[in-house]
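This report covers fold, surface, charged pairs and aromatic rings, in that order. The structure comes before the text.

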Amino acid sequence: MKRVAVAVWLAAMSAVGASDGGANLLKNGSFEGGARYWFCETDAEAVRGDAAHGEYALRLPKGLVQSAAFLLQPGKPVTISFSAKADSEMTIGWQCTPCGREIGAKAGMTWGLKGAHSVKIGKEWKRYTATFTPNVAQDGFWPRPTYMLQLGDSDKPVWFDAVTVAYGAGADEYVSQREVEVQVNCPELKGYRS
């Protein structure tokens with residue numbers, strides 16, 4: 001009986017992982033407790049309080065932030081949504097680009113936001129949404145269609161929160177990757193580095 005219960009649980013968990021029915025493709029899109037799975041050019045930090053979702057938001061002093069890789073289905077549109085605010089009105093950019101730098105450059109989707117989609121943000125939290133359809137052809141160098149999301153390209157501080165990349169979900173509010181998302185930051189632990 002225990003084996004059957006374990007087998008059913010494993011099947012259910014694999015189905016959840018394989019589903020694209022609205023789950024966030026990004027890890028840690030709400031920055032709860034840290035900036036794990038995100039790369040920042042500058043010293044970005046997860047700041048507690050005044051978040052659009054949950055307790056934490058990412059404060060980016062300047063430059064851009066990019067997500068860890070996620071897999072997209074070629075030709076299938078995905079919804080990209082995020083909440084953002086700044087100290088003063090400014091224009092930032094976003095783009096979804098192949099993780100293979102050479103592949104992205106050939107497709108005119110370079111790493112960096114020079115050809116990015118611009119978004120005007122203000123002093124209050126606001127939700128921004130766009131649709132992206134991956135259409136870069138795979139090749140032997142880039143056998144899986146992995147992409148990353150880049151946000152920012154500002155010279156002043158900007159805050160991001162509730163970042164979602166999902167099929168048919170996330171436009172109005174944050175969608176988590178899993179039912180329970182936990183990120184831990186242990187600054188009091190001797191020798192710990194985030």
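## Model and fold

Helices are DSSP runs of H or I with at least four residues, strands are runs of E with at least two, and both are numbered from the N terminus. The protein has two helices and 11 strands, in the sequence order α-β-β-β-β-β-β-β-α-β-β-β-β.

The model is predicted: local features need pLDDT of at least 70, side-chain atom pairs count only at pLDDT 80 or more, and totals for chains, interfaces and linings use all residues. Residues are numbered from 1 along each chain as its sequence is written, and side-chain values use heavy atoms, with hydrogens and water left out.

## Contacts and surface

A contact means heavy atoms within 4.5 Å. Of the contacts in the protein with a separation of 6 or more, 75% are between residues 24 or more positions apart.

Of the 194 residues, 42% are buried (under 20% relative accessible area; exposed is over 50% and partly exposed lies in between, with a 1.4 Å probe and protein chains only).

## The loop at Pro77

Pro77 is in the loop between β5 (70-71) and β6 (78-86). It is partly exposed, at a relative accessible area of 45%. Apart from its neighbours within four places in sequence, Pro77 contacts Thr131, Phe132, Thr133 and Tyr167. The C-alpha atoms of Pro77 and Phe132 are 5.5 Å apart, although 55 residues separate the two in sequence.

Tyr167 also takes part in a charge–ring arrangement: the charged end of Lys76 sits over its ring, 4.5 Å from the centre. The criterion is NZ of Lys or CZ of Arg within 6 Å of the ring centre and within 35 degrees of the ring normal.

## Salt bridges

Side chains of opposite charge can pair when their charged atoms come close. Here a salt bridge requires a side-chain nitrogen of Lys or Arg within 4 Å of a carboxyl oxygen of Asp or Glu, and the whole structure contains two. Which residue forms a salt bridge with Glu55? The partner is Arg48, with the closest N and O atoms 2.5 Å apart. Arg48 is exposed at 56% relative accessibility, and Glu55 is partly exposed at 40%.

Lys85 and Asp50 also meet in a salt bridge, at 2.2 Å from N to O. Lys85 lies in strand β6 and Asp50 in the loop between β2 (45-48) and β3 (56-60), so this pair ties together parts 35 residues apart in sequence. Lys85 is buried, with a relative accessible area of 12%. Its charged end sits over the ring of Trp159, 5.5 Å from the centre.

## Aromatic rings

Rings of Phe, Tyr and Trp (its six-membered ring) pair if their centres lie within 6.5 Å; planes under 30 degrees apart are stacked, over 60 edge-to-face, and the rest tilted. There are four such aromatic pairs. One of them is Phe31 with Trp38, tilted, at 5.2 Å centre to centre and 50° between the planes. Phe31 is buried, with a relative accessible area of 0%, and Trp38 is buried at 9%.

Phe132 and Tyr147 form an edge-to-face pair, 5.7 Å centre to centre and 70° between the planes. This pair links strand β9 (residues 126-132), which holds Phe132, to strand β10 (residues 146-154), which holds Tyr147, the two residues being 15 apart. Both Phe132 and Tyr147 are buried. Phe82, Tyr128 and Phe160 form one aromatic cluster.
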